[in-house]
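User: I am new to reading protein models. Can you take me through one, feature by feature?

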Amino acid sequence: MSDARVGLVIEDDHDIRELVRTVLTQAGFDVTVASSGAEGVLTAKTLNPDVITLDLGLPDIDGFEVSRQIREFSDAYIVMLTARTEELDTLIGLESGADDYLTKPFRPRELRARIAAMMRRPRTVPDAAEAAGVEASADGQAHPERGNYSHNGLELSYASRTVTVDGAEMNLTRTEFELLHALLEAGRTVRTKSDLVRRLRDEDYDVGGYISEADERSVEVHMGNLRKKLGDSPQKPRWLQTVRGVGYRLAPGEH
C-alpha cells in the first residue's frame with residue numbers, strides 16, 4: 001500500500017495541467033487532476049489531498065469560489081495559479097482560503113520549492129512523544145522546542161495543531177496557524193513581514209531571498225483573516241498587534 005502524499009491539480013489548460021502533474025509526481029505525490037471547479041471540489045472531498053493547485057480562471061466556477069468551498073471541509077494546502085497580475089485578484093484568492101500563489105508563467109522549480117516548504121509544516125499530530133510538547137509562556141524568550149503557548153485566554157498546541165480561545169476551538173488554516181505560532185514564539189519581539197514570509201516558506205532568515213511587496217501584502221491578508229477568526233480588534237488587540245511599517249508582535253499580557 002502506497003503512503004505517498006496526495007496532490008490534486010484543478011486546471012482547465014491541458015498543457016499547464018500536465019506540467020503541474022509532472023512537478024507534483026516528481027515531488028513524490030500521487031496526483032489526480034480535475035479540469036473544472038465542480039469536479040475539483042468533488043474530487044477534493046473524495047481524496048482528502050495534502051496539496052491542491054488551483055487555477056483561478058476555471059470555465060465553470062471561478063477559483064475563488066472553489067477555494068471557499070474546499071475550505072469548508074479540507075485543510076489541504078492550496079496554491080493558486082493565476083495568469084492575472086492584478087494584486088486584487090491575489091488578495092481575494094488568499095482571503096478565500098488559499099495559502100500561497102504563483103503567477104503564470106511560473107518556473108516548475110519554484111512551484112516545487114513552495115510545495116516542499118508547505119509540506120514541512122505538520123498536518124496532524126506527529127506522535128505521542130512530540131505531542132507531549134513543552135509548556136512555554138509567550139514572554140519573548142527563545143524556546144528551543146515548539147510546544148504549548150498560553151496568552152490572554154488563547155491556547156496553542158504546536159504538536160496537536162490546535163488553537164482555542166476561551167475554551168472554544170478555532171478552525172484555522174495551516175498558514176494562519178503558522179503565523180500565530182510565529183508571534184507566540186517571538187512574544188513581544190517584532191516579526192517583520194519579510195520574516196513571516198520566510199517563515200511560511202521555511203527559509204532561513206539570512207538567506208537574502210527576494211521578498212516582493214505582493215509577498216508582504218499576502219502576509220497582511222493572512223493576518224487579517226486570522227484576526228477575523230479570533231475576533232481580535234486592530235484598535236485594541238488582545239493578541240495580534242500591528243507595528244506600523246514594520247510587522248507584527250504579540251499584544252501585551254492581560255493583568
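This is a predicted model: local features need pLDDT of at least 70, side-chain atom pairs count only at pLDDT 80 or more; totals for chains, interfaces and linings use all residues.

User: Now sheets. What holds strands together in a sheet?

Analyst: Strands of a sheet pair through backbone hydrogen bonds, and the pairing is either parallel or antiparallel. Take the open sheet of 5 strands. Its order is β2-β1-β3-β4-β5, and the pairing is parallel.

User: Which strands are at the edges of that sheet?

Analyst: Look for strands that pair on one side only. They are β2, residues 29-34, and β5, residues 100-103. Neighbouring strands are turned by 20° against each other on average, with direction ignored.

User: How many bridges join β1 to β2?

Analyst: There are 6 bridges between β1, residues 5-10, and β2. One place to look is Val6, which stands opposite Asp30 in β2. A helix also packs on this sheet. Helix α1, residues 14-26, touches β1, β2, β3 and β4. The direction of α1 makes about 165° with that of β2.

User: What is the strand order in the sheet of 3 strands?

Analyst: That open sheet reads β11-β13-β12, with antiparallel pairing. Its edge strands are β11 (191-192) and β12 (240-243). Between β11 and β13 there are 2 bridges. Arg191 has Tyr248 in β13 as its bridge partner. Helix α9 packs on this sheet and touches β12 and β13. The direction of α9 makes about 145° with that of β12.

User: Next, hairpins. How many residues lie between the strands in the hairpin of β8 and β9?

Analyst: To read a hairpin, find two paired strands and the turn that links them. β8 and β9 run antiparallel and are joined by 4 bridges. Their hairpin has 4 residues between the strands. Across the pair, Leu156 has Val163 in β9 as its bridge partner.

User: Where does β9 pair next?

Analyst: β9 also runs antiparallel to β10, residues 168-169, with 2 bridges joining them. This hairpin has 2 residues between its strands. In its turn, Asp166 has a positive phi of about 50°. Val165 stands opposite Ala168 in β10.

User: On to cores. Which residues have the most contacts inside the largest nonpolar core?

Analyst: Start with the core's membership. This core has 25 residues, and those with the most contacts inside it are Leu154, Leu156, Leu180, Met223, Leu230 and Leu240. The elements that give two or more residues to the core are β8, β9, α7, α8, α9 and β13. Helix α7 gives the most, with 6 residues. Zoom in on Leu156: its contacts include Thr162, Val163, Phe177, Leu180 and Leu184. Apart from this core lies another, of 20 residues, among them Val41, Ile70, Ala76 and Ile78.

User: Last, two helices. How are α7 and α9 arranged?

Analyst: Read the angle and the spacing together. The two helices pack at about 85°, with their axes 10 Å apart. That makes α7 roughly perpendicular to α9. From α7, the contact includes Leu179, Leu180 and Leu183, while α9 brings residues including Met223, Leu226 and Leu230. By class, the contact has 6 nonpolar, 3 polar and 2 charged residues.

User: Is Asn225 buried or exposed?

Analyst: Compare its relative accessible area with the cut-off. Asn225 is buried because its relative accessible area is 10%, and buried means under 20%. Asn225 sits in helix α9. Beyond its sequence neighbours, Asn225 touches Leu94, Glu95 and Glu176.

Definitions and conventions:
Residues are numbered from 1 along each chain as its sequence is written. Side-chain values use heavy atoms; hydrogens and water are left out. A nonpolar core is a set of buried Ala, Val, Leu, Ile, Met, Phe, Trp, Tyr and Cys residues joined through side-chain atoms within 4.5 Å. Buried means under 20% relative accessible area, exposed over 50%, partly exposed in between (1.4 Å probe, protein chains only). Contact means heavy atoms within 4.5 Å. Two strands pair if DSSP finds at least two bridges between them. Axes are lines fitted to C-alpha atoms, for helices over the stretch in contact, and angles run from 0 to 180 degrees between N-to-C directions. Angles under 35 degrees count as roughly parallel, over 145 as roughly antiparallel, 65 to 115 as roughly perpendicular and the rest as oblique. Ala, Val, Leu, Ile, Met, Phe, Trp, Tyr, Cys and Pro count as nonpolar, Asp, Glu, Lys and Arg as charged, and the others, Gly among them, as polar. Lists of a residue's contacts leave out its neighbours within four places in sequence.
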